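Student: Before we discuss this entry, please show me the sequence and the structure.
Tutor: Here they are.

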There are 2 protein chains.
Amino acid sequence: MKISCSQEALLESVNVVTKAVPVKTTMPILECILVKAFNGQIILTASNMDLGIENQVKDGEIDEEGIVALDAKLFSDVVRNLPKSTVYIDTDEVFHTTIRCDKALYKIIGKSGQDFPALDPVRITDPVVMSQLALKEMIRQTAFAVSDNDANKMMTGILFNISRNNLRMVALDGHRISIRNCSLKESYPDVNVVVPGRQMNEINKILSSESNDMVSVYITPSKMIFEIEYTIMVIRLIDGEYFNYEKMIRNEFNTKIKVNRRELIEGVTRATLLVREVEARKNPVIVRIADDQMELIGNSAVGTMNESLPIVKEGADQMIGFNPKFLVEALKAIDDEEVTMYFFDSKSPCFIKNETESYIYLILPINFNNVR
Amino acid sequence: MKISCSQEALLESVNVVTKAVPVKTTMPILECILVKAFNGQIILTASNMDLGIENQVKDGEIDEEGIVALDAKLFSDVVRNLPKSTVYIDTDEVFHTTIRCDKALYKIIGKSGQDFPALDPVRITDPVVMSQLALKEMIRQTAFAVSDNDANKMMTGILFNISRNNLRMVALDGHRISIRNCSLKESYPDVNVVVPGRQMNEINKILSSESNDMVSVYITPSKMIFEIEYTIMVIRLIDGEYFNYEKMIRNEFNTKIKVNRRELIEGVTRATLLVREVEARKNPVIVRIADDQMELIGNSAVGTMNESLPIVKEGADQMIGFNPKFLVEALKAIDDEEVTMYFFDSKSPCFIKNETESYIYLILPINFNNVR
């Protein structure tokens, strides 16, 4: 293989695919970036088996077609530190590779890449087409709620559900549920698959924040494929039936309040300072709703904290305890200046949702014993 | 104690003194910030025994004089998260403390502070007066070369030497020496003390980058005291005689070269990518000087790297190995576009210095065995 391209384009490409390089793996070939030069295209590939990313280098010339696998950490360090000039990569028949740029010359040992797992980005069905920004926002607003504990694999996934022209994404971890809905421009056949949340966060880093940039999403029985300009991302679905989360959503409530979102985040954060050191399960933030005030109470061995926020209330008074992290994360995923919260009683989940139900956040309460 | 001040001024003060709060300590009182309100001044103090910092809150009112010690981590977290409004701090006779700001109210448990070690910033002698920026630069340009190993306490210190109107700072770790000279505006009596490098780095973070802001430095037999507006920093000297580093400085050389500093840093950094994983002692960067070229050679199990830089040379050819980290750190401490390097032979130290010797960096070479 003999290729050349600009350092900038190569670095951009390396930065995209390294998001799929596994931190730890028992398969040494996955520690590599695969460099392919065929049919006038220079393509880099990386994979951790759950997520594979292919990116075409934006410029470049091929003098001799070929393929080589190069250690991902070393290759990306080298490319990042090369001068902003033309990079020449040259591989011999035993995969010894020279990388030359200006006066710098590297000789490194590559691998054949023949046992690198094929991404196999089958794109035979029609894609779902949506704005990259919309998908990016949906991921940001749900993925934080997946479980980081692999014990229950399904809880580490995000439900990706399409019904006609509505895309819904759901994440839950046994203590909370995050639901987001988004209208697509067209209607599509039904989709109901579960994608790994951690890998979706990596894809999120690659998606553009320009609302005019589109992404094509292909869904197969075992994979979801995201295609954007120069890049194809293949994500392996989680097998099985997702939770019946809908039975957790109830519309009855005893108390409905409106509160300024920013003030509530800041108040809960202040209450959190005291409960930080100890397990939040034992020292929840207590929310006491009475008249037109929401009182936040933090309580631990080091001291107490109190803060009152003005609210607009309908219905009964309430006193209920929460893990402050869950409250803050849900509130941060919302863009509205004011949020509406629904309470039933101190043993039942609280809901934060808007009128159109484009978002629903459910948070289970925590028992608390004595307050002051 | 009953005081009030703006959240901004209090936070600024907390941020300054926390630089002296120890990460680990066997004296629980040192985990606190001491808040003192006397004679119209609100003063915060923190100490790790080697470094003590006192800062006066820029605004504020005292309704009742007093003193209290508050947990540094909790107090700074609370102050950082309070709204930008007036903060009221109120302590009762058993040091239970309320902190109130807008609608937020904290009650935390304080300590008497009577066993907090006195900083005792004796300022009876005349101070050395210099620009904060000049001191800041001197610390940046030498402190990196102190040893991070406490086994030899003296090596963790920086020599602070004044002779007439010349301030010299020296740091060394057994493999390299950094020397900086700076002219003071006036002459002073001789000073020859050793200050802990780690604590000087903390002081560095507090010094201003404005060349017109001055610092007064008081030197006593056991302490050095730095006084700037609102802040007094007291640093405990290291006891004993500093190394006779001057006998290491030789002026004979066989080779003198001039090279572009930025290009050399980039080239050595590129060579470092290959030796990263293994001990630099075994895989030095090799510098080969011949004709008008300096060749950099990196060599390890993963591959080789070569790069040639144009130089202006006087004297013999050379081939010499270095720990790349030591070369890069010395080069980064220099501001000149071009540096002059002096070599004797492959077993003798290399010197990087300028004509006026306002800086001298000495780096010991490393033996190397086989190259290519």
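Tutor: A salt bridge is a side-chain nitrogen of Lys or Arg within 4 Å of a carboxyl oxygen of Asp or Glu. The model is predicted, so local features need pLDDT of at least 70 and side-chain atom pairs pLDDT 80 or more, while totals for chains, interfaces and linings use all residues, and side-chain values use heavy atoms without hydrogens or water. Residues are numbered from 1 along each chain as its sequence is written, with chains lettered from A and ligands numbered from 1 in the order in which they are written.

Student: How many salt bridges does the rule give over all chains?
Tutor: Side chains of opposite charge can pair when their charged atoms come close. Applied over all chains, the rule gives a count of 38 salt bridges.

Student: Is A:Lys353, which meets A:Glu357 in a salt bridge, buried or exposed?
Tutor: Buried means under 20% relative accessible area, exposed over 50%, and partly exposed in between, with a 1.4 Å probe and protein chains only. The N to O distance between A:Lys353 and A:Glu357 is 3.3 Å. A:Glu357 is partly exposed at 28%. A:Lys353 has a relative accessibility of 8%, and so it counts as buried.

Student: What is the separation of the closest N and O atoms in the salt bridge of A:Glu252 with A:Arg250?
Tutor: A:Glu252 is partly exposed, with a relative accessible area of 47%. A:Arg250 is partly exposed too, at 28%. Their closest N and O atoms are separated by 3.5 Å.

Student: Which helix holds both B:Glu202 and B:Lys205?
Tutor: Helices (H or I, at least four residues) and strands (E, at least two) are DSSP runs, numbered from the N terminus. B:Glu202 and B:Lys205 form a salt bridge with closest N and O atoms 3.0 Å apart, and B:Lys205 counts as exposed at 53%. The two residues are 3 apart, about one turn of the helix, and both lie in helix 4 (residues 197-206) of chain B.

Student: Which C-alpha of chain B is nearest the axis?
Tutor: Copies are superposed by least squares on the C-alpha atoms of residues with pLDDT of at least 70 in both. Chain B can be laid on chain A with an RMSD of 0.0 Å by a turn of 180° and a shift of 0.0 Å along the axis, which is the relation of a two-fold axis. At 15 Å from the axis, the nearest C-alpha in chain B is that of B:Val23.

Student: Which residues touch the most other members of the largest nonpolar core?
Tutor: A nonpolar core is a set of buried Ala, Val, Leu, Ile, Met, Phe, Trp, Tyr and Cys residues joined through side-chain atoms within 4.5 Å. The largest has 101 residues, and those touching the most other members are A:Met341, A:Ile352, B:Phe75 and B:Phe160.

Student: How many residues has the second, separate core?
Tutor: Its members include A:Val14, A:Ile162, A:Ile235 and B:Ile363. The size of this second core is 100 residues.

Student: Which residues does B:Ala9 contact, leaving aside its neighbours within four places in sequence?
Tutor: B:Ala9 is in helix 1 (residues 7-17) of chain B and is buried at 9%. Its C-alpha is separated by 8.3 Å from that of B:Gly60, 51 residues apart along the chain. With contact meaning heavy atoms within 4.5 Å, the residues are B:Val57, B:Lys58 and B:Asp59.

Student: Where is A:Asp291, a residue other than glycine with a positive phi, located?
Tutor: Phi of A:Asp291 is near 55°. A:Asp291 counts as exposed at 58% relative accessibility. In chain A, A:Asp291 lies in the loop between strand 17 (285-290) and strand 18 (293-300).

Student: What is the phi of B:Asp102?
Tutor: B:Asp102 is in the loop between strand 8 (96-101) and strand 9 (104-109) of chain B. B:Asp102 counts as exposed at 56%. Although B:Asp102 is not a glycine, its phi is positive, at about 55°.
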